[in-house]
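Student: I am new to this structure. Can you take me through it step by step?

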Amino acid sequence: MSESAYARAGVDTSRAEQAVTALIDVLQHIDPGRPSRAVLSSGHYANVLRIDDRTGIALSTDGVGTKVIVAEQVGRFDTVGIDCIAMNVNDVICVGAEPIAVLDYIAVEEAEPEMLRQIAQGLRAGAEQASVEIPGGELAQLPELIRGHPSPRGFDLVGACFGLVELDAVVTGATIKRGDAVIGLPSSGVHSNGLTLARRALPTLDERPPELGGATVGDTLLEPTMIYVRAVTELLRSGVDVRGLAHITSGGLGNLLRLEADVGYRIDSPLPTLPIFDLIAERSGTSGHELHDVFNMGCGFCCVVPAGQADAALELLARHHPGAAVIGRATQEPGVRR
């Protein structure tokens, strides 16, 4: 089997999956000395811990990945904070929870005030978009560990999100039925996955390819991840039966298979592919199949609802995210077919 473009760029997803399995095999056998509070099994976008008979707290953690390298090379740090918030809150809403707070961890090569001020601007903007607080965090100076591109701009940015959910309202996907509609919400660009391959394909960050409409490669790659919290929260509070929610990150629409549903999905009307992905494909020679396994390709989030309620759901979601559309349906056949 030939090596994938992503593996050649330095990310072997199959080996990473094996490594995650090794981690889970150990961590799932933790004995806390009391009954577990975890409501869900491993594999969901977030887990839920039972606080009492009615209420759960949803937890998730994620970082910005190698998008920080683009920020370092461009010298612009005011958007990656939005990505940090987005990658966490978008996961927490997938279990039907309302995100309430995010904690941030920033590791830096050198504590440079202007860079940190810009990172904080992004964190604040993302928090306000997601209606969450940032009640605390951590700044670590690690010059022996963190090396910039170029030095001393090096940093890493990670967050952890906390949300609240009623235990009888947790969304797992278990109620999805064959024929249910899959609604796709547009992405804003690459978001925060696949940047290693994107940077390899487009190394000249100040280039202005005509496909990007006059924008530089760097600014296009730094376009922050879309935050879907307000739209999905409104949908959950409406009369629509929300049966499944999926944050489309690395793995593309294959992320639908993380839902607890004995169904597959047929995507026959996908959202339009964004120009940045066509450019990455052209420059890297990456196959269409692999592109869909690495990137969101223009669809950043999916909601699964009964077919009869698709119009009502779509009307609500499109007010927040114009371009939202029914992209497919749940089927009897396993897997995701495009």
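Student: Which residues make the nonpolar surface patch of about 420 Å²?

Tutor: This is a predicted model, where local features need pLDDT of at least 70, side-chain atom pairs count only at pLDDT 80 or more, and totals for chains, interfaces and linings use all residues. Residues are numbered from 1 along each chain as its sequence is written, and side-chain values use heavy atoms, with hydrogens and water left out. A patch is made of residues with over 30% relative accessible area and no salt bridge, joining like charges within 9 Å and nonpolar side chains (Val, Leu, Ile, Met, Phe, Trp, Tyr) within 5 Å; areas come from the Shrake-Rupley method with a 1.4 Å probe, and for residues only the protein chains shown count as cover. The patch is made by Leu23, Val26, Leu27 and Ile30.

Student: In which helix does Leu27 lie?

Tutor: Helices here are DSSP runs of H or I with at least four residues, strands are runs of E with at least two, and both are numbered from the N terminus. Leu27 belongs to the run of residues 13-27. That is helix 2.

Student: Which residues of helix 9 are buried?

Tutor: Buried means under 20% relative accessible area, exposed means over 50%, and partly exposed is in between (1.4 Å probe, protein chains only). Helix 9 covers residues 275-284. Its buried residues are Ile276, Phe277, Leu279, Ile280 and Ala281.

Student: What do the buried residues of helix 9 pack against?

Tutor: Contact means heavy atoms within 4.5 Å. The partners are three helices: helix 6 (195-201), helix 7 (217-221) and helix 10 (288-294).

Student: Which residue just after helix 9 takes a positive phi?

Tutor: The phi there is about 70°. The residue is Gly285.

Student: Is Met297, with its positive phi, buried or exposed?

Tutor: Most residues other than glycine have a negative phi. Met297 has phi near 60°, and is found in the loop between helix 10 and strand 9 (299-305). Because its relative accessibility is 9%, Met297 counts as buried.

Student: What is the relative accessible area of Ser131?

Tutor: Ser131 also has a positive phi, near 60°. Ser131 sits in the loop between helix 5 (113-130) and strand 4. It is partly exposed, at 48%.

Student: How many salt bridges does a search of the whole structure find?

Tutor: A salt bridge is a side-chain nitrogen of Lys or Arg within 4 Å of a carboxyl oxygen of Asp or Glu. One network links Arg76, Asp78 and Asp219. The search finds twelve salt bridges.

Student: What separates Arg124 and Glu128 along helix 5?

Tutor: Arg124 forms a salt bridge with Glu128, with the closest N and O atoms 3.2 Å apart. Arg124 is exposed at 58%, while Glu128 is partly exposed at 45%. They are four residues apart in helix 5, so the separation is about one helical turn.

Student: How many residues apart are Asp180 and Arg243?

Tutor: The side chains of Asp180 and Arg243 meet in a salt bridge (3.0 Å, N to O). This pair links distant parts of the chain: Asp180 is in the loop between strand 5 and strand 6 (181-186), and Arg243 is in the loop between helix 8 (229-237) and strand 7 (244-247). Both residues are buried. They are 63 residues apart.

Student: How much space lies in the largest cavity?

Tutor: On a 1 Å grid over the protein atoms alone, a cavity is a set of points where a 1.4 Å probe fits but cannot get out; a pocket is an open set with protein on both sides within 12 Å along at least five of seven lines, and lining residues have an atom within 4 Å of a point. Points are joined across faces, edges and corners, and a volume is the space filled by probe spheres set on them. The lining of the largest cavity includes Val190, His191 and Phe295. The space is about 30 Å³.

Student: Which elements give two or more residues to the lining of the second largest pocket?

Tutor: This pocket has a volume of about 210 Å³. Among its lining residues are Leu164, Val165, Thr233 and Leu236. The elements are strand 5 and helix 8.
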